[in-house]
Every structure is written in C-alpha cells, then in structure tokens.
Amino acid sequence: MSQHPPPIRQHPSPNFSARRDGLVPHMIVLHYTGMRSTEDALDRLCDPGAEVSAHYVICPQGTIWQLVAEDKRAWHAGAGTWAGQGDINSRSIGVELVNTGAQPFPNPQMRALTTLMRGIMTRHAIAPQGVIAHSDMAPERKEDPGPRFDWRRLARQGLALAPLGMGPDLPLGPSLDAIGYPVASADKRLQAFRFRFHQTASGPETETEADRRRAAAVAQAFRAS
Ligand SMILES: [Zn+2]
C-alpha cells in the first residue's frame with residue numbers, strides 16, 4: 001500500500017464563513033452525499049443557492065476534492081449537538097463521501113479517506129473520539145454515513161473509537177448520553193448508535209441486552225480517552 005498522500009484537487013466553494021468565537025476544529029464529521037455522481041455533488045456543494053458545503057469530497061475512485069480551506073467554517077453539519085456542544089460547523093472538518101447510501105464504500109475511497117484523516121488529525125490534534133457520523137449529532141434528521149460505513153476499519157487505524165467487547169448491562173440512555181448523543185427520540189438514538197457501533201443488529205427497533213452492553217463499553221472508552 002502506498003504511503004504517499006493522495007493528490008488533492010481544488011474545487012473552491014463560495015459556501016463558507018469564518019469559524020465563530022475563535023473556535024478551531026477538534027472534530028471530523030463524516031457524511032455520504034446521497035447522490036449518484038461526483039459532479040452532481042460538487043455542483044450542489046458549490047451552488048450559492050444551496051448554502052451547503054464541506055471541506056472535502058471523496059469520489060468512489062479515491063480522488064479528493066477540497067472545497068473549503070480547513071481554517072474556514074464549511075456548512076455541512078447543520079442543526080445538532082455532540083457531547084453537549086452546538087455549532088458543530090465551527091468545531092469540525094466535514095468530509096463527504098460520494099455514495100447514495102445503498103452502496104458499499106469502495107476500497108480506494110476508504111484508503112483516500114484514511115490518509116486524508118490522518119493528515120487532518122495530525123494538523124489539528126484531533127483525537128479518535130472526535131470523529132463522528134453526521135447521524136451521531138443529528139439522529140432525528142440524518143442517517144449518513146449509514147450502516148454500511150466501515151467504522152472498524154477506522155478504529156483499527158486509530159482514527160475513530162469502536163467498542164472493545166461488551167460492558168455491563170446498564171440502562172441504555174445514560175450510556176448514550178455519556179458517549180455524546182444529543183436528546184432525541186429513543187428509536188432514533190438507538191438507530192444512530194447501531195449505525196455506528198452495532199452494525200450487525202437487526203430486528204425491531206427496540207433495545208436489546210447486546211445494545212446496552214455495547215453502549216456501556218463505548219461509554220467507558222469515551223470516558224477513558
Ligand atoms: Zn451529512
């Protein structure tokens with residue numbers, strides 16, 4: 001595997017502003033575009049009328065496009081909170097993966113992502129627990145990057161946290177609070193948690209002992225880090 005950083009193509013978007021209150025990025029928010037083509041995604045993220053953007057877009061073949069400078073505030077996260085903090089756009093770098101949501105994420109795209117993330121996390125001293133899904137901070141509104149995204153691959157490389165085994169059977173709600181999940185309906189919080197930390201879960205949208213034990217282990221990992 002090549003260790004050379006992937007080439008980054010510039011595709012500037014007008015959709016950005018200054019980070020508020022002197023905030024600097026300490027998080028990365030991962031997204032899928034929900035669109036079929038890279039061109040459509042770039043067009044939308046650069047359309048002044050759409051008022052959305054991201055710092056980076058990665059196409060399925062692994063090409064990385066930079067739309068917004070890292071010191072600027074891109075408009076990718078929208079309303080939501082994580083670990084009790086709002087204005088996630090001012091606190092994060094946003095990365096969009098071109099994917100409809102129904103496809104697997106191809107290896108070249110994942111390889112480009114992990115290389116890009118390593119650079120971002122080094123430049124801004126971002127810890128693995130600062131890497132979240134869009135659905136984590138907005139479970140009522142968002143499902144990306146969805147249940148097909150390979151969080152374990154990131155965790156193995158120290159680029160995100162993943163549950164290490166099972167914890168004790170504790171109530172789910174307080175564990176999800178401790179991880180950082182915002183207030184939301186119980187079923188949407190459970191869905192967001194499963195997308196991220198319990199991707200093999202199936203069946204009805206009601207919590208199981210496996211959800212609770214896993215959440216307790218994740219909460220422990222977030223507390224310890
Ligand atoms: Zn998103």
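Two strands pair if DSSP finds at least two bridges between them, and strands are DSSP runs of E of at least two residues, while helices are runs of H or I of at least four residues, both numbered from the N terminus. The views below show a predicted model, in which local features need pLDDT of at least 70, side-chain atom pairs count only at pLDDT 80 or more, and totals for chains, interfaces and linings use all residues. Residues are numbered from 1 along each chain as its sequence is written.

**View 1. Strands β3 and β7 in the sheet.** Strand β3 (residues 27–32) and strand β7 (residues 92–97) run parallel and are joined by six bridges. Within this pairing, Met27 has Ser92 of β7 as its bridge partner.

**View 2. The open sheet.** Six strands, with mixed pairing, follow the order β1-β5-β4-β7-β3-β8. At the edges stand β1 (8–10) and β8, each pairing on one side only. From one strand to the next, the twist averages 25 degrees (axes are lines fitted to C-alpha atoms, for helices over the stretch in contact, and angles run from 0 to 180 degrees between N-to-C directions).

**View 3. The loop residue Glu51.** Glu51 is found in the loop between α1 (38–45) and β4 (56–58). Although not a glycine, Glu51 has a positive phi of about 55 degrees. Glu51 counts as exposed because it has 9 C-beta neighbours inside 10 Å (exposed means 12 or fewer other C-beta atoms within 10 Å, buried 20 or more, and partly exposed in between, with C-beta atoms placed from the backbone).

**View 4. A cis peptide bond.** The peptide bond from Asp144 to Pro145 is cis, with omega near 5 degrees. Pro145 lies in the loop between α4 (134–137) and α5 (151–156).
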